[in-house]
Amino acid sequence: MAYFRLDERSLAQSRLNLYSRSLSDTLERFEYLPKILAKDPVVYSALSGTDGLRANARFEEFAEKAGLEAIYLLNRSGLVIAASNHAQQPTFLGKNYGFRPYFQTALAGGDGRFFGVGATTGRPGYFFAQPVSMNGTEIIGVLAVKLDMSEFQRSWEVSGDSVFATDSNDVVVLATNPDWLYYSTKTLPQDKIEALVESRQFGNFKIEALGWQLTGDEVTIGGDRFIHVSENKGKLGWIVHFLQNEGRIWERASFATAIFGVAIVALVLMATYLRSIRIQQALQTAQADRSRLQIANRELEEAHVELKRTGHLAALGRVAASVTHELGQPISALKNYLGAAEISGEFTRKDTLPKVERVIERVENIAKELRFFTQAQPALQKQVDLNHVVQNAVELTQHDLDKSGCEIKLSLTDTPLNIHGNQFRLERVIINLIRNALEAMSENEVRKLSITTERKGKDICCRFEDTGPGLGQKTVEQLAEPFHTTKPSGAGMGLGLAIASQIVAEHDGSLSARSGQSAGAVFEVRLPTAPDGDPNE
């Protein structure tokens, strides 16, 4: 029995340390926030009566990010002139908390720390307060924050342990048993009770004795006996108590006796059992190794595909440089010959010149597409409006749209959608996607193209929806593969989407595609929003 009692006390002490450390970590995490905010110029402006709205917004942002219930600023009379919950009901704004001890301590130049039930919200919280001083001497106000302790209290309630914390007045402020809250472990004198009522620390709760008896390391509450261990949190002025039911000692002793009775028989069976466990573990290890190997193989295959694509693009760059160089001079010479022949009247058939010109146009298009891969990435990037880029691209392709009989619908946002990039290369993306849609709808009787711009979170999107045949089973990665095309021979090299995809990648964006719900294809370009204060504006 003595052994189990000593062991239970050791376990109780370990559990107490966990609860005590959790409480300290929760409170100390926000200890220095009021000291930092008290030096914010916005706070001084609010106290001078010139910038209260800005202080409200600043406090609201900090409270949301820090997970605090409220951040608020009080003048010397205790009136709240700015609060993070200014737009909520109930709000601290306009309330007077001059009666609170944390305000009085901070106004006197100290660090205000206080636990109490909120006078406005009725929720328990821990308050930190710091004086706001002008030139380090004159105190002109108090900056306070409130940490909602309701969630922390609920985490204790579901733990299954018997733990509670008492403040410097021996009043229970946190407990796993909510019925113990705001009772005192000692009978308080009348003047102390009156002081608590005046400060409204515990709202309308009437402070009464808990009715427990402490003898050495044992305590009795409601007829139940517990092993009692406690820890004094000097900085907080609180004491954390942990109670371990003594019934566990008898349960463990009885259980140990029963275990010892069957130990001899169990040892015989244990050897066989352990052998089967080792075999099972070896099998599980082998299966886990096999799963990891399969995953590694898949990743290797994906890397191999990406490497092939990267190599394809690199090889394409070298080929493009060579082909562009070789095609440049013949094209120029052929144009000169044609011009001279046309002037001299050497062409006898009317259809000869248009045919030759179409050939030249195809060769020029090939050279233009290949030249993209030989050009260095543009250095000039600045803030541009995506709506303006779309409008320019549509104007440049208006002839193609009219010629194909395509009905285009633009749904652009009323406000600018600013991105950081190169306007001309972004126009190239829009133009390529428009022409890609026109090619897809060339065999359709109904040709409609819808272009929509919108903001999605931190990104800006441009969506293209056509009435073509859709993507079928193909993915955007396959469609963006260089030289991949469904056009007939001589109609193009399949570089339009490859070029668009590379330009979007240069701008830290993404290009996605899917088949429409009824028909056609949907392409979406997603680009990051330009940061505020773009240095290249």
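Is Gly421 buried or exposed, and what is its relative accessible area? Gly421 is buried, with a relative accessible area of 0%, where buried stands for under 20% relative accessible area, exposed for over 50% and partly exposed for what lies in between (1.4 Å probe, protein chains only).

## Basis of the model

This is a predicted model, in which local features need pLDDT of at least 70 and side-chain atom pairs count only at pLDDT 80 or more, while totals for chains, interfaces and linings use all residues. Residues are numbered from 1 along each chain as its sequence is written, and side-chain values use heavy atoms, with hydrogens and water left out.

Gly421 belongs to strand E14 (residues 418-421); helices (H or I, at least four residues) and strands (E, at least two) are DSSP runs, numbered from the N terminus. Along the chain Gly421 and Lys382 are 39 residues apart, yet their C-alpha atoms are separated by 5.4 Å.

Arg428 lies in helix H12 and is partly exposed, its relative accessible area being 26%. Arg428 and Ala393 are 35 residues apart in sequence, and the distance between them in space is 7.6 Å, C-alpha to C-alpha.

Strand E8 (residues 212-215) and strand E9 run antiparallel and are joined by four bridges, two strands being counted as paired if DSSP finds at least two bridges between them. Leu214 has Val219 in E9 as its bridge partner. The two strands E8 and E9 form a hairpin with two residues between them, and Gly216 in the turn has a positive phi of about 60 degrees.

On its other pairing, E9 is joined by four bridges to strand E10 (residues 224-233), and these strands also run antiparallel. Here Ile221 stands opposite Asp224 in E10, and the hairpin formed by E9 and E10 has two residues between the strands, with Gly222 in the turn showing a positive phi of about 60 degrees. Within E9 itself (residues 218-221), Val219 and Ile221 make up a covered face, whereas Glu218 and Thr220 make up an uncovered one.

## The buried face of helix H6

In helix H6, which spans residues 150-157, the residues Ser150, Phe152, Gln153 and Trp156 are buried. Seen down the axis of H6, these buried residues fall within an arc of 160 degrees, so they line one face of the helix; the arc is that of the directions from the helix axis to the C-beta atoms.

## Cavities

Rolling a probe the size of a water molecule over the atoms shows where empty space is left. A cavity is here a set of points, on a 1 Å grid over the protein atoms alone, where a 1.4 Å probe fits but cannot get out, and lining residues have an atom within 4 Å of a point. Grid points are joined across faces, edges and corners, and a volume is the space filled by probe spheres set on the points. By this rule there are two cavities of 30 Å³ or more.

The largest cavity has a volume of about 50 Å³, and the residues that line it include Tyr72, Phe92, Arg100 and Phe127. Its lining has six nonpolar, three polar and one charged residues, where Ala, Val, Leu, Ile, Met, Phe, Trp, Tyr, Cys and Pro count as nonpolar, Asp, Glu, Lys and Arg as charged, and the others, Gly among them, as polar. The second largest cavity holds about 30 Å³ of space and is lined by Leu386, Leu426, Val429, Ile430, Val525 and Leu527, a lining of six nonpolar, no polar and no charged residues. Helix H12 (423-440) and strand E18 (521-528) each supply at least two residues of this lining, and H12 gives the most, with three.

## Cysteines

A search of the whole structure finds zero disulfides, a disulfide being a pair of cysteine sulfur atoms within 2.5 Å. For Cys461, the closest cysteine sulfur is in Cys462, at 8.9 Å, too far for a bond. Cys461 is buried at 1% relative accessibility, and Cys406 also counts as buried, at 10%.

## Backbone features in loops

A cis peptide bond, with omega about 0 degrees, joins Gln89 and Pro90, and Pro90 lies in the loop between strand E2 (80-83) and helix H5 (101-107).

Tyr182, a residue other than glycine, has a positive phi near 65 degrees; Tyr182 lies in the loop between strand E7 (172-175) and helix H7 (190-199) and is buried, at 6% relative accessible area. Asp508 likewise is not a glycine and has a positive phi of about 60 degrees, but Asp508 counts as exposed at 66% relative accessibility, in the loop between helix H14 (496-506) and strand E17 (510-515).

Technical notes:
1 Å grid on protein atoms, 1.4 Å probe; cavity = no way out; pocket = protein on both sides within 12 Å on 5 of 7 lines; lining within 4 Å.
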